[in-house]
Amino acid sequence: MSDTDIAIDAAFDSGNVEIVSIDGATARLRIPQDRKSEFAQWFHFRVSGAAGRELTLVFEDLKNTAYPEGWPGYRACVSEDRDFWGRADTEYDANSGNGTMTVRYTPASDMAYFAYFAPYSMERHHDLVAEAASAEGVTYRRLGETFDGRSIDCLEMGDGDKQLWIYGRQHPGETQAEWWMEGALEVLTDPADVVGRALRAKCRIHVVPNCNPDGSARGHLRTNAEGVNLNREWAEPSTDRSPEVLAIRNAMDESGVDFAMDVHGDEAIAAVFLAGYEGIPSWTDDFCERFYRYQRILDRRCPDFQTAKGYPKSKPGTANMTVSTNQVAERYNATAMTLEMPFKDNDDWPDQAQGWSPERCKLLARDCLAAMVEWFDGEEG
């Protein structure tokens, strides 16, 4: 390494990268797997010594990552102040180096941060929970503890009869989910926001902003500290594999669930969409219409949402009951759904500067909550 070589480090909250080599302002990199798991996709690191130099960051072996289809059309997220996250010029070559992505960026200042999506730090999580918990009418509840000793935080509010559960970031690298949660909690705790007031009047609301704090801090894409994918644990959660899911589901058992939204990000599909609970044992046309009606309301209200792209629907009797949305719908006769946001851009409304962004996650949250108000109005009517 020479004096003119850049430096790369990731020894911080959610940091994750493997350095293969550094030569001047060029680096060859790989994405490490989640601990005790084969999942690899999340990266987050800092480059220093880079002011005014064109960085060339070459990621190798991407066909061995969790979702190789996530790389074509993807642009890496970059920030120099860790506040505004833009996108860097990014090219993917499936025929080179077992899948190679080259990121180019020239920072104005001496350091730049790169990530798979704009990170949502555990410090910001603690600020979010503390601020919401101090708001009038909000109760904080510690549902349980993770393997690493972190709290599973839940915020509860509202005086209505319906039980509304909103939870996200079961997959920690899907940081879109907690940016969405920040937007949702701002709406729900703002006395001047009539959407929040209306929803609190109709519902008792339970919000779990981060279901997987261990994976978040460790820089995992999809698993907890023991390498377990929490969104495949909902049929039989256990203390030795998935204490996070066990704690949340036990709390749901206490309250019951009328409506549930599980918030995620999708690597490959450049759109915002919902997935429902087709294929569960208790499926009927009337039961599933409750989900479809919410989907139609959100589609009408929110230009960022669409229904043409999404996951295939499960055939009757074939639903995976270890998945949260299917288990919650079946267990509680609840209108349940998975909200997916892109890691890439929203191709219907592209943004060259930022792609899909934290700002749009937060704005989408308000539209989702407003659609819930209308949905509950229809139920009452």
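I start with a definition: buried means under 20% relative accessible area, exposed means over 50%, and partly exposed is in between, using a 1.4 Å probe and protein chains only. What you see is a predicted model, in which local features need pLDDT of at least 70, side-chain atom pairs count only at pLDDT 80 or more, and totals for chains, interfaces and linings use all residues. Residues are numbered from 1 along each chain as its sequence is written, and side-chain values use heavy atoms, with hydrogens and water left out.

Charged pairs, then. A salt bridge here is a side-chain nitrogen of Lys or Arg within 4 Å of a carboxyl oxygen of Asp or Glu. How many salt bridges does a search of the whole structure find? The count is 27.

Take Arg142 and Glu145, whose closest N and O atoms are 2.8 Å apart in a salt bridge. Arg142 is partly exposed because its relative accessibility is 41%. Glu145, at 43%, is partly exposed too.

Another pair is Arg241 with Glu233, again a salt bridge, at 2.8 Å from N to O.

Next, Asp345 and Arg360 form a salt bridge at 3.7 Å, N to O. Asp345 lies in the loop between strand E17 (335-342) and helix H8 (358-380), and Arg360 is in helix H8, so this pair ties together parts that are 15 residues apart in sequence. Both of these residues, Asp345 and Arg360, are buried. For the element names, helices (H or I, at least four residues) and strands (E, at least two) are DSSP runs numbered from the N terminus.

There is also a network of salt bridges, which links Arg124, Glu182, Glu186 and Lys362.

Now the strands. Two strands pair if DSSP finds at least two bridges between them. Strand E10, residues 111-115, has four of its five residues buried. What pairs with E10? Strand E4 (residues 44-48) does, antiparallel and over five bridges; there, Val47 has Ala112 as its bridge partner in E10. Strand E6 (residues 77-79) also pairs with E10 in the antiparallel sense, over three bridges, and Ser79 is partnered by Tyr113.

On to the core. A nonpolar core is a set of buried Ala, Val, Leu, Ile, Met, Phe, Trp, Tyr and Cys residues joined through side-chain atoms within 4.5 Å. The largest one has 113 residues, and Phe43, Phe114, Trp180 and Tyr294 have the most contacts inside it. H8 supplies the largest share of this core, eleven residues. With contact meaning heavy atoms within 4.5 Å, Tyr294 has contacts beyond four places in sequence that include Phe259, Met337, Cys368 and Trp375.

Asp266, in strand E15 (residues 259-266), is buried but has no salt bridge. Where is the nearest side chain of opposite charge? That is Lys344, 7.4 Å away; Lys and Arg count as positive, Asp and Glu as negative, and His and the chain ends are not counted. Among the residues Asp266 touches, beyond four places in sequence, are Phe273, Tyr311 and Glu340.

Thr175 sits in the loop between strand E13 (162-168) and helix H2 (176-189). Its relative accessibility is 0%, so Thr175 counts as buried. Leaving aside neighbours within four places in sequence, Thr175 contacts residues including Trp42, Phe117, Tyr120 and Arg169.
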